[in-house]
Structure formats: C-alpha cells, structure tokens
Amino acid sequence: MSQITDVGPTENSRATTLNNRKPRPDRKARGGALLGLLAWVIGILFVVPILWMLLTSFHSEADAATNPPSVLAPLTLQGYREFFGASTGASPWPPLLNSMTASLVSTLLVLLLAVPAAYALSIKKVEKWTDVMFFFLSTKMLPIVAGLLPIYIFAQNIGMLDNIWLLIIFYTAMNLPIAVWMMRSFLAEVPVEMLEAAQVDGAGLIRTLKDIIAPVVAPGIAAVSLICFIFSWNELLFARVLTATVAQTAPVFLTGFVTSQGLFLAKVCAAAIVVSLPVLAAGFAAQDKLVQGLSMGAVK
Amino acid sequence: MSSATTTSAPTDARPSAALRRSGDWARRAPLLPALIFTIILTQLPFVATLVISFMNWNAYYPDERGFAGLDNFRRVFTDINMRQSVVTTILLTATVVLVSLALGLGIALLLDRKFAGRGAVRTMMIAPFLIVPVAAALIWKHALYNPEYGLFNGLLSAVWKLFGSDSPPQPDWISNAPLISVELALIWQWTPFMMLILLAGLQSRPLDVIEAAKMDGAGTWDIFRYMTLPHMRQYLELAGLLGSIYVVQNFDAVFTITSGGLGTANLPFTIYQTFYNEQDYGRASAAGVVVVIGTIIIATFALRTVSTLFREEGGR
C-alpha cells in the first residue's frame, strides 16, 4: 500500500481552506474534544478487564472473591507466590521454558525457510510464483483440527508424543505461510536496479547484502519474528493434544490451573499476567510491526 | 514491479536448453525447502485424514478396525451435535467478525483524528490482542462472568448498594447466554486486530483529494460515504477475511469458557472431542473431511478477494 508521499498540495489546500471558510471554530473544537473523550472512554473500557486482572493478581484470595469488589484491599504477592508453586510445589518454569523453546526455535526455523523462499518469489522469481503464493495462503485456511488426528497417531507410533520437537516442527509449518507472504512483500521493495548496478560495479556479495538488502529486509525479519513468536506462544490446541507432562507449554499449564475447590482467582490472574508478559512486551515494543504481521504484509 | 512472465524471456539470448533448465533450478532451489516442508506437513495429514475417514477405527475397540465405506459420513450428517456445531461455527464466526469489524472501524475513525493522548488510547486498544487467548478466556470466565465474585455482578452490587438496595440482580452470565458470553470475549480480543488494519487503511487515504472535496463544500458524511468507505473497502475485506480465517478455527475460548457445553461447541471443538475424548478416529476424520470441503468452497471466494488486492500491488 502506498504511503502518503506528496505533502505539498495538502499543506497548500489546508492553508486556503482556513482562509476561505471558517466553519464556526467553537462548535468544531467542542465536537472534536467530545470525540476525543469518546475515544478515551472506549479505550478505557477495553483495558478494564486487563487492569482488573492486574489488580486482582495483587490481592489475597479472600479479597479477590468479594462481592461487591474490594478495590482498595491491601496488595500482596501471594498470588504470584502461589503461581510459582509456593504451596503445591508445582513449578511453572518447565512449561514456561518449553513455550520459550518452542516459540524461539520455530521462529528461527521459519526464518531459515521463509527468507530464501521469499527471495525466489520476489527478486529472482520462479515461474508461476503467484500460484505458489496462493498455495501457501490456502494452507492457512485449512482447519488445523482436521489434520491433527493423523499427526497424533503418527507421533504415537514413532514415540514422539510429549516431545517439544514435535511442537517445534508443527509451529514452523503453522507460521511458514504467513512468514513467506510477509517476507515477499518486504523483498518486493528491494530496488532490483540497484542490485544490478552493484553487480556491474563489482560490489561483493557482503557489501550488496549490507548496503542494499539489509535496510529493506531487516524490518521485515523483525515483523516476521514478532508474529511467529506470538502465534507459537499462544497456541493451545496442538500443545494440548500432542504434549503431556514433559513437554507441556505455558497455555496448557494455564488450563490445568483452575481447581474445583477453594479460591483460586488471584492465583489465576497472576498466572495469566506472567504467561502473557512475553507477548505484551514483544507486542508493545514493536507496535508498528504488528499491523504488517497481522495482515501478512499486505498493509504497511 | 512488472508482471512475472515478461521479465526473463526476452532478455535471455536463448542459450542452450540445458543451461536454461539449470538456471530454472537455480531459481527454484531457494523455494524448495519451504515448499516441500509445507506440503509434507500440511497436505499429507489431510490425505491421511481422508483415508481414516473411510475406516471403522475407534481406539477403544482396536479389534474392530476395518473398512467402513461411507458409514462415518452418514453418521456425521445425521449426528445432531455435528449439525448443531456447524450452525454454531457460522453464528460464532459471523457475529465475532462483523461486530469487531464495525467496532474496529468506529474506533479507527476516532483514532484517526488528533486529540490529547491519542498514542495512549491506541496502546490501550491494542492490549487485549496481546493477552494470551487462553489467559483471556480464563479471565473472562472467572474474573468477569463469575456469578458470585465476577466483576460484572460485583459492579451491579456496588451500583445497587449506592442507591440503597440490597438485592441487586446477579445473573449467571455464562448459563443465561453461553454463546454471547463466548462471542463477547472474542470480540474484545479481535476488535484491536480489525482496528489496527483499518487504521492503517485510513492513514493511507489520499489526504489532498479529501481536502479538495472539503473545499468544494462536501460535508463530513458525504466524505465518509463517497470517499472514505470506497477507499476502505479493500481494507475491510482484508480484515474480515483474515479475522474469519482465525476465528473460524477458534478453540481456546470455547474450550475454556463453556467447555463446549450449552450449545457453544463449534466444529474445531466437536472434532477435538470426537477424537480426543470419544477416541472415534473414523468419525472425527469424516467430520474433518467435511469441514475441509466446506472450507475449500468458502476459501475459493475468499482467495478471489485477496487476488484482487494482489493484482493491484503487482500492477503498481
């Protein structure tokens, strides 16, 4: 999608607009302020569940389960202590580490496969490259659940159930189509004429990579990594079916956290916060990359 | 970017066929690992699913394994739960996608204006999408919907108390409106997604044209109706399509909030249950095949949408 490049005429016409027509600035300003206020109200409504989760995670279990809610109850770290196994002894570290391994390694594998593929689909194009692109996209539309059963039976037969590498391989397959689409849209912007000129000038491969390709591709790699990491970290269905005690990931661990007895709300809120932290951190750190990633590179 | 076919043919001075063929393979080489990996891991399982769907295979009765013909498909189409879950899937996906699209467009329009704290509101709006889906579902179920200590009923109590009443309404949200409860939690998570894509679309509008229209005396509504909406059409389609791809496969919210009970079981959940709990591999596979065929039909239309976007980019 094209960016807004020509600012010149816009500035001019804005100036003339201001000179020619003054449409009751008072009323307009008040309307603008009201709309700004409305945006704030909606933003707050959307963030309230998260704030409530954060507040509850710092309350004691007794204060977390009152009605009406005790907003001003004293703060405590008890919920977090419970999450880290203070009374049950069940440590959340193995599942958290499993999630980290599965997300990071699969993201790395995705990059290793997607970058060369995107190169063959944008810079030195193979024949029928659009068909290939749509093949990748179509795999994203197939319902994952329909392929899960044979994978489960296969893994059972070769003894790969409850093995983190099985998850890594399938997370790679799950994210690869998105990554190929995204990387292609970035590589499509590499100035091919400059590549050819560099070749004529006898610039080495490393200089070409550093000076011409890297500036365009580096943001692409960042966006792809971010999205693949988030999707792998969030995944539940595969992890639930294919892992048990050894290789279980953080989302699976979370689902086993709710007990039928006793109070658990503060503990669950603390757990939800801890498990979401990596995604929140990555997402906020790269807000602008998020859009490109989510739209598979179609929107920049 | 010129079209793909014209780039190589005329410039090559037609070297020997063997040389050209080796050049083709050099072009293809970087693509092959990704392509082969994807084919093996996404297509082979579906072939296996297709085979199993014609088999009588229940892990609880391993001795009775054999060829079943179309039995599994007959059972899928006559199973009332399966038919119900088709309806639920359509309802759930359509509601979540349409409502989040509408909300996302409204919020994107608000955020497209300049006001104090715009960046902060944008950040707040993105946050729901960055909560791990299972965690979000758990929070909605236990911290918000819970009839005894959830925030919704807690607020009702607080407001009623404010007016001196001791008997506030305390509905059991999930039991009273199970599907809406699931939908609401999903809309909360997916509105930011729609908003982000639509906001990017709004910000790519040709501002000079809009300014010119304003100068010619076009009203706010006219500009929205005749300039913003047509420009936004492709972004709305893209957001709707991508949202549908993800929401139709939703498992986490249904699994966590209602465990598929009270008529909220969608197809992913029902298939999961048929194979994971009932261990009926044959029937689960048949259901999977039916879903895949349905998806292919819908996806064909969806892909047409993307390919128009794609052609516009290609022709740039």
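1. In helix 10 of chain A, Leu226(A), Phe229(A), Ile230(A), Trp233(A) and Asn234(A) meet Pro278(A), Val279(A), Ala282(A) and Gly283(A) of helix 13 of chain A. Two residues are in contact if their C-beta atoms, placed from the backbone, lie within 7 Å. By class, this contact of helix 10 of chain A with helix 13 of chain A has seven nonpolar, two polar and no charged residues. Ala, Val, Leu, Ile, Met, Phe, Trp, Tyr, Cys and Pro count as nonpolar, Asp, Glu, Lys and Arg as charged, and the others, Gly among them, as polar.

2. This is a predicted model: local features need pLDDT of at least 70, side-chain atom pairs count only at pLDDT 80 or more, and totals for chains, interfaces and linings use all residues. Residues are numbered from 1 along each chain as its sequence is written, while chains are lettered from A and ligands numbered from 1 in the order in which they are written.

3. The geometry of the first pair follows. The axes of helix 10 of chain A and helix 13 of chain A cross at roughly 160° and come within 10 Å. Helix 10 of chain A is therefore roughly antiparallel to helix 13 of chain A. Axes are lines fitted to C-alpha atoms, for helices over the stretch in contact, and angles run from 0 to 180 degrees between N-to-C directions. Angles under 35 degrees count as roughly parallel, over 145 as roughly antiparallel, 65 to 115 as roughly perpendicular and the rest as oblique. The crossing of helix 10 of chain A with helix 13 of chain A is left-handed. A crossing is left-handed if the near helix is turned anticlockwise from the far one by less than a right angle, and right-handed if clockwise.

4. Chain A as a whole has 14 helices and zero strands. Helices (H or I, at least four residues) and strands (E, at least two) are DSSP runs, numbered from the N terminus. Of the 300 residues in chain A, 45% are buried. A residue is buried if 20 or more other C-beta atoms lie within 10 Å of its own, exposed if 12 or fewer, and partly exposed in between; C-beta atoms are placed from the backbone. Among contacts in chain A with a separation of 6 or more, 77% join residues 24 or more positions apart.

5. Helix 14 of chain A (residues 287-294) is largely enclosed by the rest of the structure, because six of its eight residues are buried. Those buried are Lys289(A), Leu290(A), Val291(A), Gln292(A), Gly293(A) and Leu294(A). They pack against helix 8 (164-187), helix 10 (205-234) and helix 13 (265-285) of chain A, and also against helix 9 (178-202) and helix 11 (220-247) of chain B.

6. Helix 6 (residues 129-141) of chain A packs with helix 8 of chain A at an angle of about 140°, and their axes are 8 Å apart. The two helices are therefore oblique to each other, and the crossing is left-handed. Met133(A), Phe136(A), Leu137(A), Thr139(A) and Lys140(A) of helix 6 of chain A meet Pro177(A), Ile178(A), Val180(A), Trp181(A) and Arg184(A) of helix 8 of chain A. Seven nonpolar, one polar and two charged residues form this contact.

7. The domain assignment, which is automatic or from a database, divides chain A into domain 1 (20-83) and domain 2 (93-294). Domain 1 of chain A puts 15 residues into the contact and domain 2 of chain A puts in 10 residues. On the domain 1 side, helix 2 (25-57), helix 3 (61-64) and helix 4 (78-83) of chain A each give two or more residues. Helix 4 of chain A gives the most, with five residues. That side has seven nonpolar, six polar and two charged residues.

8. Between the chains, 89 residues of chain B are in contact with 94 residues of chain A. The chain B side is made up of 63 nonpolar, 17 polar and nine charged residues.

9. Within chain B, helix 6 (residues 133-145) and helix 9 pack at about 125°, with axes 10 Å apart. Helix 6 of chain B is therefore oblique to helix 9 of chain B, and the crossing is right-handed. Pro133(B), Ala136(B), Ala137(B), Trp140(B) and Tyr145(B) of helix 6 of chain B are in contact with Ser181(B), Ala185(B) and Gln189(B) of helix 9 of chain B.

10. Helix 13 (residues 267-276) of chain B is mostly covered, with eight of its 10 residues buried. Among them are Leu267(B), Pro268(B), Phe269(B) and Tyr272(B).
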